[in-house]
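Reader: I would like to go through the terms used for this structure and see what each one rests on.

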Amino acid sequence: MSEAQVSKSEVSPSLVRGSEAWSVSEAKKIYNLPFNDLLFQAQTIHRRHFDPNSVQLSRLLSIKTGGCPEDCGYCSQSVHNPTGLKASKLMEVERVLAEARKAKAAGATRYCMGAAWRGPKDRDMDVIVAMVEGVRSLGMETCMTLGMLSPLQAEKLADAGLDYYNHNIDTSERFYSEIISTRTFADRLETLANVREAGIKVCAGGILGMGETTDDHIAMLVTLANLPVPPESVPINMLIPIPGSKLEAAAPVDPIDFIRAIALARILMPMTHVRLSAGRNDMSDEMQALCFFAGANSIFVGDTLLTADNPGEDHDARLFRRLGLKPMALDAAE
Ligand code: SAM
Ligand code: DTB
Ligand code: SF4
């Protein structure tokens, strides 16, 4: 059993089927527990594996913005979405390192670099490798999200010392084609397999609030939990509706459903860092507090994500004070 896997015996026996893979019906039973029972289960499991008052801090940087050929309906950076975003070229390594130094000084332990690509071109790999090496030498964990990766590209990133690769499955297999047509759910799983095979830690999650059902939330989390090795990090994003994108008018997700999904992620993947990811700007402090209680233990800090707004340092510092939370130290974040 891998480090990220945990036996089902940790969940109340009435919820356990006995074999190792989670079934959708088991997950549904957990998801539909009375809210207090669900949160109690999630918090109990959370405490077995983590300090319940520590939250891992990651910082994002868009190293190549806009002009992306993929048609992800939610994204500000797709050429298929007339969002008015200005495209830019791949950033220079020195600029990336200057930003990473600032993030470290502000308490972030993981630096995540994102590019609006279908996948990296081989000609970009040397610059990407230099970014990974440079950020690592600052003493931060490194994460990249560059789109699809071939086995060879994954190996190159692993050799550079990349700690994590983010590639989201985004939603359930059933709902996926409603959101993206230029690459398939199976393509996503293939990149995740290439990343895992290369020995890089996996960060994979999705978005809630794109018009999917709660069954899609459950199915997405079961797919993640049943990967041969579950992801070390699972970002749960709440859709940021981007004006001009296909999903600009999507009905917002019910906050209680969102919190239930966080709790289910914690129960299905007890040792994973569950990140309360995009969309915190549209969440009350009280909703975020319930997400932490349900088992979320990672956030993005800083006033921007890739292109969209995030609560700034002051707001998060106040939230942490109000809740008695502290930033997770790097050794506990690994
Ligand atoms: N181009 C790369 C890719 O798609 O793999 C990396 C960057 S992409 C922006 C990373 C992830 O951010 C997406 O898979 C999606 O889950 C999330 N995301 C993008 N736009 C979002 C939005 N408007 N609201 C919430 N999450 C979003
Ligand atoms: C993830 O799941 N969320 C982050 C990260 N992985 C790369 C990205 C959120 C993007 C939010 C929209 C934007 O900033 O454009
Ligand atoms: Fe491109 Fe990633 Fe945005 Fe999809 S989510 S359009 S792949 S940048």
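**Terms and their grounds**

Reader: What makes strand E7 largely enclosed by the rest of the structure?

Author: The model is predicted, and what follows is computed from it. Strand E7 spans residues 233-238, and six of its six residues are buried, so the rest of the structure largely encloses it. Both of its faces are covered: Ser233, Pro235 and Asn237 are buried on one side, and Val234, Ile236 and Met238 on the other. In a regular strand, side chains alternate between the two faces of the sheet.

Reader: How do you know that E7 pairs with strand E8?

Author: Pairing needs at least two bridges found by DSSP. E7 and E8 (residues 273-276) have four, in the parallel sense, and Ile236 has Leu276 as its bridge partner in E8. The chain runs from E7 through helix H9 to E8 in a right-handed β-α-β crossover.

Reader: What makes E6 a partner of E7 as well?

Author: The cut-off is again at least two bridges. Strand E6 (residues 206-208) and E7 are joined by three bridges, also in the parallel sense. Gly206 stands opposite Ile236. E6, helix H8 (residues 214-225) and E7 form a right-handed β-α-β unit.

Reader: Why is Ser245 called buried?

Author: Buried means under 20% relative accessible area. Ser245 is at 4% relative accessibility, so it counts as buried. Ser245 sits in the loop between E7 and H9. Leaving aside residues up to four places away in sequence, Ser245 touches Gly73, Tyr74, Cys75, Asn81 and Thr83. By contrast, 32 Å separates the C-alpha atoms of Ser245 and Asn226, 19 residues apart along the chain.

Reader: Which residues touch the most other members of the largest nonpolar core?

Author: They are Tyr74, Leu221, Phe258 and Leu268, in a core of 93 residues. Helix H9 (residues 255-268) gives the largest share, nine residues. A second, separate core has seven residues, including Leu60, Cys112, Ala278 and Leu305. In soluble globular proteins, nonpolar side chains tend to be buried together.

Reader: What does Tyr74 touch?

Author: Among the contacts of Tyr74, not counting residues up to four places away in sequence, are Ile179, Ile180, Ile207, Met210 and Leu239. Ser245 is also one of the residues that Tyr74 touches.

Reader: What makes one space a cavity and another a pocket?

Author: In a cavity a 1.4 Å probe fits but cannot get out, whereas a pocket is an open set. The whole structure has one cavity of 30 Å³ or more. The largest cavity has a volume of about 830 Å³. Of its 40 lining residues, Tyr74, Cys75, Gln77, Asn168 and Leu306 are the closest to its centre. Strands E2 (110-115), E3 (141-145) and E7 each give two or more residues to that lining.

Reader: Which residues are closest to the centre of the largest pocket?

Author: The largest pocket, with a volume of about 560 Å³, has 27 lining residues, and the closest to its centre are Arg59, Val301, Gly302, Asp303 and Glu313. Strand E1 (54-64), helix H3 (93-105) and helix H11 (313-323) each give two or more residues to this lining.

Technical notes: Residues numbered from 1 in each chain as written. Chains lettered and ligands numbered in written order. Predicted model: local features only at pLDDT ≥ 70, side-chain atom pairs only at ≥ 80, totals over all residues. Heavy atoms only, no water. Core = buried A, V, L, I, M, F, W, Y, C linked by side-chain atoms within 4.5 Å. Buried < 20%, exposed > 50% of the residue type's maximum accessible area, 1.4 Å probe, protein only. Contact = heavy atoms within 4.5 Å. Right-handed = clockwise from strand over helix to strand, strands pointing away. 1 Å grid on protein atoms, 1.4 Å probe; cavity = no way out; pocket = protein on both sides within 12 Å on 5 of 7 lines; lining within 4 Å. Points joined across faces, edges and corners; volume = space filled by probe spheres on them.
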